[in-house]
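Subject: Structure for you to look at

Hello,

Here is the structure I said I would pass on. Please open it first; my notes follow below.

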Amino acid sequence: MKGLRLRGQDGATASVFKDGALGSTTVSGRVLPAGTVLVLATAFVVTTADSNNVYLYCTALFACVGALSLGLLMGTAGQVSIGNSAFLAVGAFVGMWASRAGLPLPAALLVATVAAGLAGVLVGLPALRIQGLYLALATLAAHFIVLYFITEYQKSAVGSVGFLITPALSSGGLDQQQRYWAWIMTAVVVACLAGVAALQRGKMGRVLGFMKEHEHVSACLGIDSRRYKLLVFVLSSAAIGFQGSLMPYFSGTLSVDTFSLDLAIAYIAMIMIGGTGNIFGPVIGAFVVVIMPTLIPDVLGAFVVNDRAANLAPPLSQIAYGVLIIVMITRSSDGISGMLRYVNPQSWFISSRATKGSN
Amino acid sequence: MSGQFIVAIVGGLQQGSTIVLIAMGLVLAFRATETFSFAHGQMMVLPAFIASALQTSGASLAASLAVALAASTGLAVAFQILVLQKTINQPVFVGTIATLGFAAILNGILGAAFPGDRNYELHIPGMPDQLIELYGARIRVSVLVVAIASLLIAAGVYAILRWTHLGVKLTAVGQDALVASQGGIRVRRLHALTWGIVAILAACAGVAQAATSGVGSSSAALGLLAFPALILGGLTSIEGTIVAGLLIGVLQQFVSSYVGGDKVDLVTYVVLLMVIMVRPDGVFGIKNVSRA
């Protein structure tokens, strides 16, 4: 354990180089393994799981988009955002507004994505000028400001129940529809993986990585970090907005109640649990955070009488991911992907002395 | 002057005095460990819930408050020692995220132990419940009592930080932990102690809130509504926090009384964004904010 901690001390530096050391550094080299795993998982789930579990799997895939965006922001720009819930809401409600105004679906999705990106500019512009964690506070403010406006819109448009729409692709029945969604979201998540890998590999990623390691040197070299920080924040906001704009077409409902502060914190939990050093980290985190609460009632049901279990499940899942965040912070420098970094497959085949130098 | 105006002013000063207590806690937490504490709202509500539950089961107010205070202070100090001290040498945002995790845990504990379908109240014996006339406005005496008590506590903490040996040490650690440690100050111990004081301030704010508007988990939101006061006051300045806290409290009451209660959040957080945009180092803070 001691050794782990020491290695963790320069976690940021390690993550920059270790990712390269473990696998390929090219974009396709990093995306292909992750994408293959995801496609195989989808094929497995779609053919074997029942409708409930496919729904859960789709929900997790949706969460992957937001988690990858937040992971990009935290991993490259070193900034925390509590705004995932707000940008999701912007995407979902602007998309709803646009499609009610008569726009065709693709145009509505585009408008929603752009709107979320613009919201990102509004929030990021003041906060990212300043060093420190002001973005966390600015996105907190944005959360409540957005919540106010969407509540007003929902009240004036449909009332407190929220919007009810016919889910897209529902012609083939519920089961078929969810299988379609599973494949669509797999494609979206793989596209996000590719986007994140390309951005990290591209100039922006390298500049931000350099800036994180050597802040003063990068300033002396005339690198305007604000531009890149803002760019990564706006891109991630737009991606989250896209996720939000798709969500109502999957679930068939849209209500303000979905977009709580707890949801925003759940996304941060995904990153802390999954880690950002590996491109697949946020995906792992998203699956853990989405699926864990559904397991808790089952586990609980084994110990407590059913009636209490139903009431206890939501607070217990909150405690569970709170504890997971803290365990990840204190025990690993970079969530699950940080732990996996110390797993060296080579050492399973070759004696440990031989691999010592290579890792 | 109209009655509504007076009520808004007095109510605002009371609300502001609670925000002062909250924001002082946030400032101390920030100075000690450079974390924005997102668990402060929960640290406010938890002792109020514990105290009210104990009181309902028959314990005296003093005993239930003592137990509640001990529990929440113990939790906060344990969190600082077991978690926050491990985040030193990690990226800066890790500590702040740890407080988010802590908040989730406390929220879960609150939700499991105190289900929402019951009413909780903290009854303070001897608290006057009559109304007085003040320039034609009718004001609850208890509001005045709570406001004055909160400000006295805030002044007391300010005095401790300003004029005692301990306070000077805390300030030194807050300004430069490395130099302070070379001066023979036990930095880790003081950081843990700071979080103890933070928990006590949070508990005071929670009890003040409970005494005027009942015990409810919705009060935890106040912990976040105090962030504008923290930034406006300049993040590190206790004096600034007191003035800014009162200002924000009065603003919130005026909005809720003249514009509508549903716009309090909106206005407060717009103020937060504006302050970040225009004066990120606050009005009273030392100008040490550097632009990236």
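Keep in mind that this is a predicted model.

I began with the salt bridges. Side chains of opposite charge can pair when their charged atoms come close. Over all chains, the search finds two such salt bridges.

One joins A:Lys155 to A:Glu152, with 3.5 Å between the closest N and O atoms. Both residues belong to helix H7 of chain A (residues 134-157), where they sit three residues apart, about one turn of the helix. A:Lys155 counts as exposed because its relative accessibility is 52%, and the cut-off for exposed is over 50%. A:Glu152, at 30%, counts as partly exposed.

The other salt bridge is between B:Asp262 and B:Lys263, at 3.8 Å from N to O. B:Asp262 has a relative accessibility of 42% and counts as partly exposed. B:Lys263, at 24%, also counts as partly exposed.

Next, the interface. How many salt bridges are there between chain B and chain A? The count is zero. The rule does find one residue pair in polar contact across this interface.

Regards

Note on methods: Residues numbered from 1 in each chain as written. Chains lettered and ligands numbered in written order. Predicted model: local features only at pLDDT ≥ 70, side-chain atom pairs only at ≥ 80, totals over all residues. Heavy atoms only, no water. Salt bridge = Lys/Arg side-chain N within 4 Å of Asp/Glu carboxyl O. Helix = DSSP H or I, 4+ residues; strand = E, 2+ residues; numbered from the N terminus. Buried < 20%, exposed > 50% of the residue type's maximum accessible area, 1.4 Å probe, protein only. Polar contact = N/O pair within 3.5 Å; in protein donor to acceptor, adjacent residues only side chain to side chain.
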